[in-house]
Amino acid sequence: MSRIFEITEKIKSYDPDANINLINRAYVFAAQAHAEQHRQSGELYINHPLGVANILASLKLDVDTIATGLLHDTVEDTHVTLEDIRARFGDDVGHLVDGVTKIGKIQFQSSEHKQAENFRKMLLATAKDIRVLLVKLADRLHNMRTLGFVPRRKQVSTSNETMQIYAPLAHRLGIHWIKQEMDDIAFSYLEPEAYQEVLGKLRGNLTFLDKTRSQIEVLLQEALQREKLDATIYGRMKHLFSIHEKIKRKHVDFDQLYDLVAFRVIVKDTAECYHALGIIHSLYPPVPGRFKDYIALPKPNGYQSLQTTVIGPGSHRIEVQIRTQAMHQYAEDGVAAHWIYKSDGVTGEKKKNQQLREFRWLKQLTEMIQDTSNPTEFMENVRLDLFVQEVYVFSRDGDIFALPRGSTPLDFAYAVHTDVGNHCVGVRVNGQLTDFETRLHQGDQVEVLTGPEQTPSLQWLKYIKTPRARQSVRQYFRRQERDMSIRMGASVLDTILDAKPSEKMIKSFKCKDYKQLCEKVGRGDIPVDELISTLGQQRSGPFQLHHAKSAIMYPATCCYPLPGDQVMGALVKGKGMVIHDRYCNTLQQQHENTWMEVEWKPEEGVNFCTAIEIVTKNRRGMLGDISGTIASQKSDIEDLRIEQKAGQMTTLTVLLEVESRKHLADVIRCVRQLEGVERVKRLNHSGLVLKHFHQGVGHMLKGVMDASLHLLQTNRKKNNDSST
Ligand code: MN
């Protein structure tokens, strides 16, 4: 059991100027807040926060972190509020307690390996300050130490979680001893028999191992001293779980494991590390393939050492790690080593900078702060989330999904399943109905609402961030387009032929079946005149195509026809049905045989481009009046050209979006009523429109394509309705 004065003494030993008063106040406050509570062991609850604080003090952390250890459960478990903590202990402690409380609420619910990795990343991302994670690790370590008092089921689930989440996290942060202790305790609960076996054998061999250890310690020490190398050497028993793993991995017996003791050789500097290695290798033959230079190439968590295995005295294989004091500190305490104060032997900003640089997964960060004069201060506010490129969100069932930053609910829906995405009608984020533009944040819980009638909209592409979702939406429209082409082709064939085409006819167009023939005709890949001449039929004048409204129809960008106009359809290779004004010049140049009379009905909310010409007197505010009037009729101006005429007159050519011929008529009527407007007329002969807008055509074309795809979507719904 930890006592508060032990903790304060420990702090003073590495930071004589520490604000011990803060620690004492936090202790008194926490003890009062938890006064009524007991742990499952029956002891007072405060023993847990004390235990956590003691672990944090062992890591030589700053007083804010240790105070947070004392206070970490107050907001979650007692009447204390975050405001209370802030008011009494300042913003820093408040911020840390808040962080610990928040990540405490994230529940790990799946035991899948991939989920575990995501969960660890999520903890890293959510705990904006790295000290929050350190408190969380200390919290978990203390809970593991006192796990004996909880029910068996809880022991197993907590041990599993520790093994999958917290031990790897400790490893990632480079705090080796916490990882090992967590591993061993979890091992003892998860595989009690195996644990007892390893423990028993280790105990049985303890005397022998101990003797071997001190022998080798002395031998190494002497060898190095002969070469005038001042070194600290000590052998350390491997931790139980790693022995167990090794037995399993190598399929060997305990008795065959000679490297149960690992030796650490600590020397002054890097040069001495290599020197010591040379001495040891000349004394005992190294085992080939076992030497690793983690000084030149540090491990991702920042670990540095030279590692080798040699055939030692008595033909025992012995593992040796050679490192400097700083590397040793780092290997033991990992990221926590950054908070070590004056007594750690590392002085000066330069050395600290160097130490930081060794910490590879914070490398990006270090590069940013190389110019900063006080990296310690910066480290205290490390925002880990800046370096995580993903957001981790939960489904309603607690599954974790990793999405790129900036992802939206639709990205999530498509990540769950393409069908979920395609039928998404809405989303709840953390229980609240939310729109599709909302960006998802770390730890959000997202629930997708679906409806069988719902289909994707092109608008969605604006909100989508992930390639997967984008591809799914595009694919949906491509499939629609194909279905539409088939329907269109069927209509055309139906009109031309009295009966279904024979197999021979189908083959003569290089199609494998009727469906493919329809598709090719519908797409315009087989020109209608070719179709007619092959079929040996003669017709003159346009066809009547009755069901064409259900097909893909692209309004031509030469004459800008509108639903309700007298229009003609022409099948264009690779494009499908292009709709022209009946009197369009472009259409006149094509063969009459390829024209089709089509019905084209307006759809609410689906707009098309068209052009009008307005002749008006010059007066102040005229342009504003015109655009205001057009807008008031729920029409959008897409493009505008102004031409000054003689005699105070101006000609405006306006490209605007309307639903139909009737809608346009309403717009024109209102513009005519404006003071000073002399004449308004529609431009629906290609030559006139092109004269004014030839530059804007590319831009317009895109708008038209989008509009026609909208049409597609609406049509599909209708077809579905009529077929049921
Ligand atoms: Mn706790």
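Student: Which residue in strand 19 stands opposite A611?

Tutor: A611 faces L683. Residues are numbered from 1 along each chain as its sequence is written. The model is predicted, local features need pLDDT of at least 70, side-chain atom pairs count only at pLDDT 80 or more, and totals for chains, interfaces and linings use all residues, while side-chain values use heavy atoms, without hydrogens and water.

Student: What makes strand 16 and strand 19 a pair?

Tutor: Pairing requires that DSSP find at least two bridges between two strands. Strand 16 (residues 608-617) and strand 19 are joined by 6 bridges in the antiparallel sense; therefore they pair. A strand is itself a DSSP run of E of at least two residues, and a helix a run of H or I of at least four, both numbered from the N terminus.

Student: Why are strand 17 and strand 19 called edge strands?

Tutor: The open sheet has 4 strands in the order 17-18-16-19, with antiparallel pairing. Strand 17 (636-645) and strand 19 (677-683) each pair on one side only. From one strand to the next, the twist averages 20°.

Student: How do you know that helix 28 packs on the sheet, and what is its direction relative to strand 19?

Tutor: Contact means heavy atoms within 4.5 Å. Helix 28 (residues 661-672) touches strand 16, strand 18 (649-658) and strand 19, and its direction makes about 165° with that of strand 19. Such angles run from 0 to 180 degrees between N-to-C directions, with axes fitted to C-alpha atoms, for helices over the stretch in contact.
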